[in-house]
Structures are given as structure tokens and as C-alpha cells.
Amino acid sequence: MKLAELGFDDWFEAHAAERLHAGQTMARVTAVDRGAYMIRGKEGQCSAELVGRLRFAIDSTADLPCVGDWVCVQYHNSGENAVICDVLPRRTFLRRKQAGSSIDFQMIAADVDTPFIVQSCHYDFNLRRLDRYLVMARDGKTTPIIILSKIDLVTPEERAVLIERIRQSGVTAELLPLSSATGEGVDTFQELLVPGRTYCLLGSSGVGKTTLINHIMGHDTFETKPVSVTGEGTHATTRRQLIALDQGALLVDTPGMRELGILGAGNGIEASFSDIHDLSEQCRFADCTHTSEPGCAVLMSAEAGDLSEARFKSYHKLKRESEFNEMSYVDRRKKDKAFGKFIKTFKKNTKE
């Protein structure tokens, strides 16, 4: 398979020229499972492991290769396995705060051209969760498209109401209603997939991501599970993987995310809440926090009812969460560096 068919273009070629060494070639990470990697390049697909210096030189687990990354590799055993020697810079990324109390980034995928945010018309529909996905996508320098799935479970009138709720909340992203059960909208979805470009399906468990992939592939390649007794979808995908579709596009399938914490996503929040950002330029004070300042155009818009209360609250909640987690992250990194310096000094003194 040619590297261009895997998404390798001039941007990556320029960065590869700075990092590739003799005996190495480029490959793309197609799956990660408990520290084991699958890569795909001109030599085909094989397993790979990290070279030792790369494993121990990173500052954060987010710096480790993730699905979609381009890596410099050296093949062994006639191409049956390989060693990952370096990782190219990421042009785009999808990441979230690690689940739980840990304050660090968790990479979802790298070098995705377009993420599809999948929300079901049924139990999954949640505007505030949609805000989080949109922030994550735009923070990673991508332009998302919303898929409203399982439209066969609601009437056309109910579907129109859901779409209107999305638009009234201030979301302007492209939106595509579809049903994998009836096929409605699937052809339109396939027309969006360009050969050599990388796409990603994001959404909660059971919204129909894997079913959609099976539908466009024409066969049940990946396992799906029936809906639960409550009518909700159930979890099927267990790991992220990059799939090469027959028509030439590349698609990342991801497990459903129960938590979608926001960390250091200020740019993504501004891009997702562009209506609030535009209003803020009319505020009396340049450093307006839109909480109690006189002459705040955002507050005046909210009080007049032009800006919905739910969207205004969502903006403030995500902004506070992102800033709090970012402060905690920076503080932890400072402590980690200080501890590392202490250990180096201690080892040096004990040798003397």
C-alpha cells in the first residue's frame, strides 16, 4: 500500500525529512492495545514496539504513539515486526482529560482530517455532551460534522424538533441525519469520505458507530451488540483502530466514552462558542469574564434572551473546568520536573 493512500502528504513528508535516519521508513499506527502497536506502511501491516530511548524520554503518556500517528520505523525479520524509533509532529489531534481523578491528557486519535460526532435520536441525545465533543474536535484543529443516527426510531416531526434544538443552541456545524437500519442518509455519508483522507467516529457507546462502519463496508466485519432492554445501545468496540475502507478513505472507530473531561481547551471553547466570542468583542473591558462586569455584551445578550441560558451556562462550565484542570496539570508537571531534578542530584551526590 502506498503511503499516500494512508494519508501521507507534503506536510508529513517535510517533517519526515527532519527525523528519518538511515534504515528507517514511515508507517502509520493503526491500533494500540496495552502498549502493543500495529502499524501499516509500504511493507504491509505488522506489530511494532517502541525503541527504549523513546519509551523513557517522554514527559507524558500523551506523547506516546496513538492511532493515526505517523512514525519512523525500522523493520526486522523480513518485515514481520518493527521498532518505532520516532513520532512525527501531529497536524491535528483528538484528546480528552484522562478519565477519573488523574489530571493528564489521553489521546484519542491523531492526524484526523474530519471527526464525525455521532448522537442518537433516541436515549443518547444530549446537547451539553455535544458541546463537549465539539470543543474537543475544534481544540484539536479539526472541523467536525454531526451525525444524528437512528432516525428510524423517531418520526420525521420528532427528528425536525431535535435538529431545531441543536440549531437553537448555537451549534452551526454541518449535520447529517441517517439510519443504518434503513440506509437513509448513508449514501450521503459515503460521499463525504475522500480517498486518502482520515475520518473518526466519536460518540457514546451504542450510538451506532460500528454498525455504520459495517454498513458502508457491506459486511459485518466488526462485532456489534443488540440494544439493551431499555432501548439503549450497548458497548461493542473495545479499542481504537484505523480502518482502510475499500473506496480509499481511512476511518478510526473508537470505543464509546463515558467521561469527556476538558483540559486546556481554551481555543476549542472559543471556536465552539463563536457566537459568545463574537459578542465578547463588544464588551466594555477587554478582560471581561462575562460574570458581573458592567457593559458586558454577553450578559446583556443572555438577559435579553438572545443567548440561551443553557448555552451560556454550558460555556461557563466548560471554561471553568478547562482552566481548573489546566492549572492542576501545570502544577503537577512542575512537581514532576522538580522531583526528577531531585533524583538526578541525589544520584550524583551518592556517586561522589
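Asp-111 sits in the loop between β7 (105-110) and β8, where helices (H or I, at least four residues) and strands (E, at least two) are DSSP runs numbered from the N terminus. Asp-111 has a positive phi of about 55 degrees although it isn't a glycine. This is a predicted model, so local features need pLDDT of at least 70 and side-chain atom pairs count only at pLDDT 80 or more, while totals for chains, interfaces and linings use all residues. Residues are numbered from 1 along each chain as its sequence is written, and side-chain values use heavy atoms, with hydrogens and water left out.

- Most residues other than glycine have a negative phi.
- Asp-111 counts as buried because its relative accessibility is 4%; buried means under 20% relative accessible area, exposed over 50%, and partly exposed in between (1.4 Å probe, protein chains only).
- Lys-141 is another non-glycine with a positive phi, this time about 65 degrees.
- You'll find Lys-141 in the loop between α3 and β9 (145-149), and with a relative accessible area of 63% it is exposed.

**Cavities**

- There are 2 cavities of 30 Å³ or more in the structure. On a 1 Å grid over the protein atoms alone, a cavity is a set of points where a 1.4 Å probe fits but cannot get out, and lining residues have an atom within 4 Å of a point.
- The largest cavity holds about 50 Å³ of space; grid points are joined across faces, edges and corners, and a volume is the space filled by probe spheres set on the points.
- Lining the largest cavity are Arg-95, Arg-96, Phe-105, Met-136, Asp-139, Gly-261, Ile-262, Leu-263 and Ala-265. The elements giving two or more residues to that lining are β6 (93-97) and α3 (127-139).
- By class, this lining has 5 nonpolar, 1 polar and 3 charged residues (Ala, Val, Leu, Ile, Met, Phe, Trp, Tyr, Cys and Pro count as nonpolar, Asp, Glu, Lys and Arg as charged, and the others, Gly among them, as polar).
- Two of the lining residues, Arg-95 and Phe-105, also meet as a charge over a ring: the charged end of Arg-95 sits 3.8 Å from the centre of the Phe-105 ring. The cut-offs are NZ of Lys or CZ of Arg within 6 Å of the ring centre and within 35 degrees of the ring normal.
- The second largest cavity comes in at about 30 Å³, and its lining splits into 3 nonpolar, 4 polar and 2 charged residues. Among them are Leu-134, Arg-138, Ser-274 and Arg-311.

- Arg-311 belongs to helix α10 (residues 309-351) and is buried, at 2% relative accessibility.
- Ser-120 and Gly-206 are 86 residues apart along the chain, and 8.5 Å separates their C-alpha atoms.

**Aromatic pairs**

- The structure holds 7 aromatic pairs. Rings of Phe, Tyr and Trp (its six-membered ring) pair if their centres lie within 6.5 Å; planes under 30 degrees apart count as stacked, over 60 as edge-to-face and the rest as tilted.
- Phe-116 and Phe-189 pair edge-to-face, at 4.9 Å centre to centre with 65 degrees between the planes. That pair links distant parts of the chain, from strand β8 (residues 114-120) to helix α5 (residues 186-191), 73 residues apart.
- Both Phe-116 and Phe-189 are buried.
- Phe-8, Trp-11, Phe-12 and Trp-70 form one aromatic cluster.

Terms used:
1 Å grid on protein atoms, 1.4 Å probe; cavity = no way out; pocket = protein on both sides within 12 Å on 5 of 7 lines; lining within 4 Å.
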